[in-house]
Amino acid sequence: MKEENGASVFAPEKTQDYGEDPKAVRQSDKYVSEYVRGFVNKWDELIDWDARAKSEGRFFIDVLKARDKKSVLDVATGTGFHSIQLLKAGFDVTSADGSAEMLAMAFDNAKDNDLMLKTVHADWRWLNKDVHGKFDAIICLGNSFTHLHEEKDRRRALAEFYAALKHDGILILDQRNYDKILGGNDASKHKYYYCGDQVSAEPDYVDDTLARFKYSFPDGSEYFLNMFPLRKDYTRGLLRDVGFQQIHSYGDFQAEGEESDPDFFVHVAEKS
Ligand code: SAM
(Lines give C-alpha, C1' and ligand atoms only; values in the text may rest on other atoms or scores of the structure.)
Protein backbone atom coordinates (compact mmCIF):
# COMPACT_ATOMS: atom_id res chain seq x y z
CA MET A 1 0.00 0.00 0.00
CA LYS A 2 1.34 3.44 -0.81
CA GLU A 3 0.12 6.81 0.34
CA GLU A 4 -0.89 9.51 -2.12
CA ASN A 5 -2.13 12.88 -0.84
CA GLY A 6 -3.05 11.24 2.42
CA ALA A 7 -5.24 8.62 0.72
CA SER A 8 -4.46 4.95 0.71
CA VAL A 9 -3.98 3.55 -2.75
CA PHE A 10 -4.32 -0.22 -2.65
CA ALA A 11 -3.10 -2.51 -5.36
CA PRO A 12 -6.19 -4.35 -6.60
CA GLU A 13 -6.47 -7.74 -4.92
CA LYS A 14 -7.77 -10.86 -6.61
CA THR A 15 -10.78 -10.98 -4.31
CA GLN A 16 -12.75 -8.23 -2.67
CA ASP A 17 -12.05 -7.76 1.02
CA TYR A 18 -14.52 -5.88 3.21
CA GLY A 19 -13.11 -7.22 6.49
CA GLU A 20 -15.24 -8.54 9.32
CA ASP A 21 -17.95 -5.94 9.07
CA PRO A 22 -18.66 -5.04 5.42
CA LYS A 23 -21.37 -2.57 6.45
CA ALA A 24 -18.76 -0.52 8.30
CA VAL A 25 -16.77 0.10 5.10
CA ARG A 26 -17.76 3.66 4.20
CA GLN A 27 -14.56 5.29 2.95
CA SER A 28 -14.11 7.25 -0.27
CA ASP A 29 -10.76 5.52 -0.93
CA LYS A 30 -12.28 2.06 -1.00
CA TYR A 31 -13.21 2.13 -4.71
CA VAL A 32 -9.72 1.23 -5.92
CA SER A 33 -9.74 -2.13 -4.15
CA GLU A 34 -13.41 -2.81 -4.91
CA TYR A 35 -12.75 -3.01 -8.65
CA VAL A 36 -10.70 -6.20 -8.52
CA ARG A 37 -9.71 -7.63 -11.87
CA GLY A 38 -12.12 -10.59 -11.68
CA PHE A 39 -15.09 -8.27 -11.23
CA VAL A 40 -14.03 -5.88 -13.98
CA ASN A 41 -13.28 -8.67 -16.49
CA LYS A 42 -16.57 -10.37 -15.86
CA TRP A 43 -18.52 -7.14 -16.06
CA ASP A 44 -17.06 -6.24 -19.43
CA GLU A 45 -17.49 -9.75 -20.77
CA LEU A 46 -21.18 -9.85 -19.93
CA ILE A 47 -22.42 -6.35 -20.57
CA ASP A 48 -23.15 -6.04 -24.20
CA TRP A 49 -21.82 -2.63 -25.26
CA ASP A 50 -24.13 -2.54 -28.28
CA ALA A 51 -27.15 -3.11 -26.03
CA ARG A 52 -25.93 -0.43 -23.62
CA ALA A 53 -25.41 2.00 -26.50
CA LYS A 54 -28.90 1.22 -27.72
CA SER A 55 -30.51 1.83 -24.33
CA GLU A 56 -28.76 5.21 -23.91
CA GLY A 57 -29.33 6.21 -27.51
CA ARG A 58 -27.84 9.53 -28.53
CA PHE A 59 -28.70 11.21 -25.24
CA PHE A 60 -25.19 12.31 -24.20
CA ILE A 61 -24.11 13.13 -27.75
CA ASP A 62 -27.20 15.28 -28.24
CA VAL A 63 -26.71 17.13 -24.92
CA LEU A 64 -23.09 17.90 -25.87
CA LYS A 65 -23.80 18.81 -29.49
CA ALA A 66 -26.78 21.00 -28.60
CA ARG A 67 -24.40 23.14 -26.52
CA ASP A 68 -21.61 23.00 -29.11
CA LYS A 69 -19.21 21.16 -26.77
CA LYS A 70 -16.16 19.53 -28.29
CA SER A 71 -13.56 18.72 -25.64
CA VAL A 72 -14.75 16.22 -23.04
CA LEU A 73 -13.06 14.95 -19.90
CA ASP A 74 -14.45 11.58 -18.82
CA VAL A 75 -13.55 11.52 -15.12
CA ALA A 76 -14.98 8.04 -14.47
CA THR A 77 -13.69 6.21 -17.53
CA GLY A 78 -14.06 2.74 -16.07
CA THR A 79 -13.58 0.27 -18.92
CA GLY A 80 -14.08 3.05 -21.45
CA PHE A 81 -17.66 2.73 -22.65
CA HIS A 82 -18.52 6.46 -22.81
CA SER A 83 -15.02 7.62 -23.81
CA ILE A 84 -15.13 5.26 -26.78
CA GLN A 85 -18.68 6.20 -27.77
CA LEU A 86 -17.74 9.89 -27.74
CA LEU A 87 -14.47 9.37 -29.60
CA LYS A 88 -16.39 7.52 -32.30
CA ALA A 89 -18.80 10.46 -32.47
CA GLY A 90 -15.89 12.85 -33.12
CA PHE A 91 -15.39 14.48 -29.69
CA ASP A 92 -11.94 15.29 -28.35
CA VAL A 93 -11.91 13.02 -25.30
CA THR A 94 -9.53 12.76 -22.34
CA SER A 95 -10.13 9.73 -20.16
CA ALA A 96 -9.37 9.85 -16.44
CA ASP A 97 -9.98 7.42 -13.60
CA GLY A 98 -8.54 6.79 -10.15
CA SER A 99 -8.17 3.09 -10.87
CA ALA A 100 -5.12 2.19 -12.97
CA GLU A 101 -6.68 -1.23 -13.49
CA MET A 102 -9.73 0.36 -15.12
CA LEU A 103 -7.68 2.69 -17.31
CA ALA A 104 -5.59 -0.22 -18.62
CA MET A 105 -8.77 -2.08 -19.55
CA ALA A 106 -10.23 1.03 -21.20
CA PHE A 107 -7.06 1.54 -23.22
CA ASP A 108 -7.22 -2.06 -24.50
CA ASN A 109 -10.94 -1.74 -25.29
CA ALA A 110 -10.22 1.39 -27.32
CA LYS A 111 -7.38 -0.35 -29.16
CA ASP A 112 -9.80 -3.14 -30.10
CA ASN A 113 -11.93 -0.40 -31.68
CA ASP A 114 -8.89 1.06 -33.51
CA LEU A 115 -8.94 4.10 -31.24
CA MET A 116 -6.27 5.61 -29.02
CA LEU A 117 -7.36 6.85 -25.59
CA LYS A 118 -5.66 9.79 -23.90
CA THR A 119 -5.61 8.47 -20.35
CA VAL A 120 -4.83 10.20 -17.06
CA HIS A 121 -4.63 8.41 -13.72
CA ALA A 122 -6.34 10.87 -11.40
CA ASP A 123 -8.49 10.87 -8.31
CA TRP A 124 -11.33 13.42 -8.50
CA ARG A 125 -10.42 15.00 -5.18
CA TRP A 126 -7.16 16.38 -6.57
CA LEU A 127 -8.01 16.13 -10.26
CA ASN A 128 -6.28 19.32 -11.36
CA LYS A 129 -2.95 18.13 -10.01
CA ASP A 130 -2.89 15.51 -12.78
CA VAL A 131 -5.27 16.81 -15.46
CA HIS A 132 -4.14 19.97 -17.22
CA GLY A 133 -6.15 22.32 -19.41
CA LYS A 134 -9.82 23.33 -19.40
CA PHE A 135 -12.62 21.35 -20.98
CA ASP A 136 -15.95 22.15 -22.60
CA ALA A 137 -17.58 19.30 -20.71
CA ILE A 138 -16.94 16.76 -17.98
CA ILE A 139 -18.82 13.49 -17.78
CA CYS A 140 -19.07 11.41 -14.61
CA LEU A 141 -21.34 8.52 -15.59
CA GLY A 142 -22.33 4.98 -14.67
CA ASN A 143 -23.38 5.84 -11.09
CA SER A 144 -19.79 6.73 -10.21
CA PHE A 145 -20.10 9.82 -8.00
CA THR A 146 -21.85 7.65 -5.40
CA HIS A 147 -18.43 6.13 -4.60
CA LEU A 148 -17.60 9.15 -2.45
CA HIS A 149 -18.70 8.41 1.10
CA GLU A 150 -17.77 11.66 2.80
CA GLU A 151 -19.43 14.99 2.12
CA LYS A 152 -16.15 16.88 2.16
CA ASP A 153 -14.93 14.58 -0.64
CA ARG A 154 -18.07 15.20 -2.68
CA ARG A 155 -17.68 18.96 -2.32
CA ARG A 156 -13.99 18.77 -3.09
CA ALA A 157 -14.47 16.61 -6.19
CA LEU A 158 -17.19 18.91 -7.57
CA ALA A 159 -14.97 21.96 -6.96
CA GLU A 160 -12.20 20.21 -8.93
CA PHE A 161 -14.62 19.40 -11.77
CA TYR A 162 -15.85 23.01 -11.77
CA ALA A 163 -12.28 24.32 -11.97
CA ALA A 164 -11.40 22.01 -14.88
CA LEU A 165 -14.24 23.44 -16.99
CA LYS A 166 -14.13 26.45 -19.28
CA HIS A 167 -16.22 29.46 -18.19
CA ASP A 168 -19.28 28.07 -20.03
CA GLY A 169 -18.53 24.40 -19.45
CA ILE A 170 -21.00 21.73 -18.40
CA LEU A 171 -20.87 18.76 -16.06
CA ILE A 172 -22.96 15.67 -16.84
CA LEU A 173 -23.27 13.45 -13.79
CA ASP A 174 -25.62 10.52 -13.31
CA GLN A 175 -26.83 8.55 -10.31
CA ARG A 176 -29.23 5.84 -9.34
CA ASN A 177 -32.60 6.94 -8.02
CA TYR A 178 -31.64 6.43 -4.39
CA ASP A 179 -34.80 8.17 -3.16
CA LYS A 180 -36.65 5.16 -4.49
CA ILE A 181 -34.18 2.69 -2.97
CA LEU A 182 -34.24 4.47 0.42
CA GLY A 183 -38.02 4.53 0.27
CA GLY A 184 -38.04 1.16 2.02
CA ASN A 185 -40.90 -0.19 -0.06
CA ASP A 186 -40.77 -3.06 -2.51
CA ALA A 187 -38.64 -0.94 -4.80
CA SER A 188 -35.74 -1.36 -2.36
CA LYS A 189 -35.62 -5.08 -3.19
CA HIS A 190 -35.84 -4.46 -6.90
CA LYS A 191 -33.22 -6.23 -8.99
CA TYR A 192 -31.71 -4.26 -11.84
CA TYR A 193 -30.58 -6.21 -14.84
CA TYR A 194 -27.80 -4.76 -16.90
CA CYS A 195 -28.43 -5.01 -20.61
CA GLY A 196 -30.17 -8.33 -20.55
CA ASP A 197 -30.46 -10.90 -17.81
CA GLN A 198 -26.80 -11.82 -17.45
CA VAL A 199 -25.80 -9.51 -14.62
CA SER A 200 -28.12 -8.47 -11.83
CA ALA A 201 -27.54 -5.82 -9.21
CA GLU A 202 -29.65 -5.50 -6.12
CA PRO A 203 -29.36 -3.58 -2.89
CA ASP A 204 -28.00 -6.01 -0.28
CA TYR A 205 -28.18 -3.51 2.57
CA VAL A 206 -29.35 0.10 2.70
CA ASP A 207 -29.35 2.82 5.32
CA ASP A 208 -29.06 6.61 5.16
CA THR A 209 -25.31 6.58 4.51
CA LEU A 210 -24.73 3.21 2.83
CA ALA A 211 -26.15 1.39 -0.16
CA ARG A 212 -24.33 -1.93 -0.48
CA PHE A 213 -25.05 -3.53 -3.85
CA LYS A 214 -24.62 -7.16 -4.77
CA TYR A 215 -23.73 -8.04 -8.36
CA SER A 216 -24.53 -11.63 -9.33
CA PHE A 217 -23.10 -13.37 -12.37
CA PRO A 218 -24.33 -16.47 -14.24
CA ASP A 219 -21.48 -18.66 -12.90
CA GLY A 220 -22.71 -18.00 -9.36
CA SER A 221 -19.98 -15.54 -8.44
CA GLU A 222 -20.93 -12.42 -6.50
CA TYR A 223 -19.24 -9.07 -6.02
CA PHE A 224 -20.21 -6.04 -3.96
CA LEU A 225 -19.91 -2.26 -4.11
CA ASN A 226 -20.40 -0.02 -1.07
CA MET A 227 -21.90 3.29 -2.19
CA PHE A 228 -23.25 6.42 -0.60
CA PRO A 229 -26.99 6.79 -1.36
CA LEU A 230 -27.26 10.21 -2.99
CA ARG A 231 -30.69 11.70 -2.82
CA LYS A 232 -31.57 13.59 -6.00
CA ASP A 233 -32.16 16.98 -4.37
CA TYR A 234 -29.05 16.62 -2.24
CA THR A 235 -26.92 16.13 -5.37
CA ARG A 236 -28.61 19.10 -7.02
CA GLY A 237 -27.87 21.19 -3.92
CA LEU A 238 -24.18 20.25 -3.99
CA LEU A 239 -23.98 21.20 -7.67
CA ARG A 240 -25.60 24.54 -6.91
CA ASP A 241 -23.32 25.17 -3.90
CA VAL A 242 -20.18 24.69 -5.98
CA GLY A 243 -21.38 27.37 -8.40
CA PHE A 244 -23.27 25.73 -11.26
CA GLN A 245 -25.95 28.17 -12.42
CA GLN A 246 -28.42 25.85 -14.12
CA ILE A 247 -29.08 22.22 -13.32
CA HIS A 248 -31.38 20.07 -15.43
CA SER A 249 -32.16 16.62 -14.05
CA TYR A 250 -33.43 13.96 -16.44
CA GLY A 251 -35.09 10.74 -15.23
CA ASP A 252 -34.17 7.73 -17.40
CA PHE A 253 -33.16 10.14 -20.19
CA GLN A 254 -36.51 11.97 -20.13
CA ALA A 255 -36.99 15.66 -19.35
CA GLU A 256 -38.16 16.60 -15.85
CA GLY A 257 -41.67 15.46 -15.06
CA GLU A 258 -41.91 13.08 -18.01
CA GLU A 259 -40.77 9.97 -16.11
CA SER A 260 -42.34 9.67 -12.69
CA ASP A 261 -40.43 6.72 -11.26
CA PRO A 262 -37.05 6.48 -13.02
CA ASP A 263 -34.19 4.16 -12.07
CA PHE A 264 -31.56 6.74 -12.95
CA PHE A 265 -31.13 10.51 -12.96
CA VAL A 266 -28.77 12.41 -15.24
CA HIS A 267 -27.90 15.91 -14.02
CA VAL A 268 -26.67 18.40 -16.61
CA ALA A 269 -25.08 21.29 -14.72
CA GLU A 270 -24.13 24.46 -16.58
CA LYS A 271 -21.48 26.87 -15.37
CA SER A 272 -23.04 29.90 -17.00
N1 SAM B 1 -18.29 5.30 -16.30
C2 SAM B 1 -18.00 3.88 -16.38
C3 SAM B 1 -19.22 3.13 -16.85
O4 SAM B 1 -20.31 3.71 -16.86
O5 SAM B 1 -19.09 1.96 -17.25
C6 SAM B 1 -17.47 3.31 -15.07
C7 SAM B 1 -18.39 3.38 -13.90
S8 SAM B 1 -17.76 2.59 -12.45
C9 SAM B 1 -19.28 2.31 -11.60
C10 SAM B 1 -17.09 3.88 -11.45
C11 SAM B 1 -15.70 4.35 -11.85
O12 SAM B 1 -15.39 5.53 -11.08
C13 SAM B 1 -14.60 3.35 -11.59
O14 SAM B 1 -13.83 3.18 -12.74
C15 SAM B 1 -13.81 3.95 -10.44
O16 SAM B 1 -12.45 3.61 -10.47
C17 SAM B 1 -14.04 5.44 -10.63
N18 SAM B 1 -13.91 6.21 -9.40
C19 SAM B 1 -14.61 6.05 -8.25
N20 SAM B 1 -14.22 6.95 -7.32
C21 SAM B 1 -13.24 7.70 -7.90
C22 SAM B 1 -12.44 8.80 -7.46
N23 SAM B 1 -12.53 9.29 -6.22
N24 SAM B 1 -11.55 9.33 -8.33
C25 SAM B 1 -11.42 8.83 -9.58
N26 SAM B 1 -12.14 7.79 -10.06
C27 SAM B 1 -13.04 7.22 -9.22
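**Entry 1: the ligand**

A polar side-chain atom of aspartate 123 sits 3.4 Å from a nitrogen atom of the ligand. The protein covers 94% of the 600 Å² of accessible area that the ligand has on its own. I keep in mind that this is a predicted model.

Tyrosine 31 places a polar side-chain atom 3.3 Å from a nitrogen atom of the ligand. For alanine 76 the polar atom belongs to the backbone, and a nitrogen atom of the ligand is 2.6 Å from it.

Next I asked myself how many residues surround the ligand. I found 19. The closest are Tyr35, Arg52, Ala76, Asp97 and Leu141.

**Entry 2: helices H3 and H5**

I moved on to helix H3, residues 49-56, and helix H5, residues 81-88. Their axes come within 12 Å and cross at roughly 70°. Angles of 65 to 115 degrees count as roughly perpendicular, so H3 is roughly perpendicular to H5.

Which residues make the contact? On H3 I listed Trp49, Arg52, Ala53 and Glu56. On H5 I listed Phe81, His82, Ile84 and Gln85.

I checked both ends of H3. Aspartate 48 caps its N-terminal end. A side-chain oxygen of aspartate 48 lies 2.9 Å from the backbone nitrogen of aspartate 50. Just after H3 comes glycine 57, with a positive phi of about 60°.

**Entry 3: the sheet**

I traced an open sheet of four strands, in the order S8-S9-S10-S11. The pairing is antiparallel. Which strands are at the edges? They are S8 (192-194) and S11 (222-227), and each pairs on one side only. On average, neighbouring strands of this sheet are turned by 25° against each other, direction ignored.

I took a look at one pair in detail. Strand S9 covers residues 199-207 and strand S10 covers residues 210-216. They pair in the antiparallel sense over seven bridges. I noted that serine 200 stands opposite serine 216 in S10.

Last, I looked up what lies across this sheet. Helix H2, residues 37-46, lies across S8, S9, S10 and S11. H2 runs at about 105° to S11.

Note on methods
Residues are numbered from 1 along each chain as its sequence is written. This is a predicted model: local features need pLDDT of at least 70, side-chain atom pairs count only at pLDDT 80 or more; totals for chains, interfaces and linings use all residues. Side-chain values use heavy atoms; hydrogens and water are left out. Two strands pair if DSSP finds at least two bridges between them. Helices (H or I, at least four residues) and strands (E, at least two) are DSSP runs, numbered from the N terminus. Axes are lines fitted to C-alpha atoms, for helices over the stretch in contact, and angles run from 0 to 180 degrees between N-to-C directions. Contact means heavy atoms within 4.5 Å. A residue is near a molecule or strand if one of its heavy atoms lies within 4 Å of it. A polar contact is a pair of N or O atoms within 3.5 Å; within protein, one must be able to donate a hydrogen and the other to accept it, and residues adjacent in sequence count only if both atoms are side-chain atoms. Accessible areas come from the Shrake-Rupley method with a 1.4 Å probe; for residues, only the protein chains shown count as cover. Angles under 35 degrees count as roughly parallel, over 145 as roughly antiparallel, 65 to 115 as roughly perpendicular and the rest as oblique.
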